[in-house]
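Here is a short walk through one protein model, piece by piece. Keep the viewer open while you read.

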Amino acid sequence: MRARDAAGLLLDAKGIVFKLKAAAVLSVVMVFCLLLLGLVAAMGGDASAVGCGDRGRPGVDPGDEGGGGAQRPGEGIRKAQLANAEIIDTVAKEGGLSGRATLIALMTALQESTLLNLDYGDRDSVGLFQQRPVAGWGTKEQIMQPKYAAKMFFWGGDDGDPPGLTDIRGWESMKYGAAAQAVQRSAYPDLYDQHEDYARELAGEAKIDLNRRGTNGSPPGGGESDKPRDKGCQDGGKPGEPGQPFHDGAAGWPPEVKNPRSTKEAIAAAREEARSGPKKWYQMCLAFTSVAYGWSSSGVPYAIDHYREMPTSMKHDKDRTPPPGALMYWDTGQRAGHVAVYLGDGEIASNDIRRPGYIDVVPATEIESKWGATYLGWAPPYFPKGG
């Protein structure tokens, strides 16, 4: 073999060895990178999960799905929230509370903890409702149990301190956020209402019936509370069960109730609108009642707010004996609620119940039987902001 050929073979061999060494080094680097990525994942989960969720809805590791373990930012917020929502609703149902109570609790927990079972918070606050041991809500270990925390939110301490939702007089007819604030006594009372839509969305996914009617106010476990409960009836009214007929009560309004039309004229106008009126009242129940009484508008955006803002002395919660001409109110599970003019003999003039956009004369019980709404009560035709 010639010297030049031998030298060429030697160079080729060296090249192959170099390539093999480079490949080996590259393989080691790749293995190291994979191990490093695995270590990061094991330590911190999906590093991008928190930044990829919807605004205001951070991720969380559901842990034991609300059974008492702390939950941390990470993956699976929806799963954790749904599990906690189901626990809250179970406690409410076991205690005979309405779906309204569940909604208030969900809105509260969304604001306080994003509906997560947190073992940290402001000062010593922990849990779904960020309850403080120093304020009498229980020990940290107790509050970290979602069922216990929910029970305390609904019924409070045995001696009424701290007060729970059912200790708040008139909570059933209060605005959701106001009821939450009455329990939580937060420095930011206006923040609870912003969570209503998301709370309803979660309840729908969890198949929670927010229109469920309550049966009693006793705590879970069957024990009767010795604390007085607001029965929701004022001025000697006669509350009845959903679906029972309505009967005419005594007429006569407080002196401050002054409208462009008399009660008789308003009832006649409502009946005439039902007989021959056009299709113009879709989702405009409060507007119709004010127009029936001669106003161009009520001055209030929503029917349910009109009832809540009514003077306490004028509200007759759950009373099924309204006088002809009274305004009757229902919680429909939606933001606006519903109001109708009581015509007498158990009938109302209502929009949308038979024909969307039209006024029809129907039994007042149809709002419950057809829409599944909760009857709140009646009040005089008082429009202090009418114009």
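Helix 6 (residues 146-155) is mostly covered, with 7 of its 10 residues buried (under 20% relative accessible area, 1.4 Å probe, protein chains only; exposed is over 50% and partly exposed is in between). The buried ones are Pro146, Ala149, Ala150, Met152, Phe153, Phe154 and Trp155. They pack against helix 3, helix 4 (99-113), helix 5 (140-143) and helix 7 (176-184), where contact means heavy atoms within 4.5 Å. Just after helix 6 comes Gly156, with a positive phi of about 65 degrees.

This is a predicted model, so local features need pLDDT of at least 70 and side-chain atom pairs count only at pLDDT 80 or more, while totals for chains, interfaces and linings use all residues. Residues are numbered from 1 along each chain as its sequence is written, and side-chain values use heavy atoms, with hydrogens and water left out.

## Helix 3 meets helix 8

The axes of helix 3 (residues 77-94) and helix 8 (residues 196-205) come within 10 Å and cross at roughly 80 degrees (axes are lines fitted to C-alpha atoms, for helices over the stretch in contact, with angles from 0 to 180 degrees between N-to-C directions). That makes helix 3 roughly perpendicular to helix 8, a label for angles of 65 to 115 degrees. Helix 3 brings Arg78, Gln81 and Leu82 to the contact, and helix 8 brings Tyr198, Glu201, Leu202 and Glu205. Sorted by type, these residues come to 3 nonpolar, 1 polar and 3 charged.

## The sheet and the helices across it

Strand 1 pairs with strand 6 (residues 374-379) over 2 bridges in the antiparallel sense, and Asp317 stands opposite Gly377 in strand 6.

## The whole protein

In total you get 12 helices and 6 strands (DSSP runs of at least four residues, H or I, for helices and at least two, E, for strands, numbered from the N terminus). Of the 387 residues, 45% count as buried.

Technical notes: Angles under 35 degrees count as roughly parallel, over 145 as roughly antiparallel, 65 to 115 as roughly perpendicular and the rest as oblique. Ala, Val, Leu, Ile, Met, Phe, Trp, Tyr, Cys and Pro count as nonpolar, Asp, Glu, Lys and Arg as charged, and the others, Gly among them, as polar. Two strands pair if DSSP finds at least two bridges between them.
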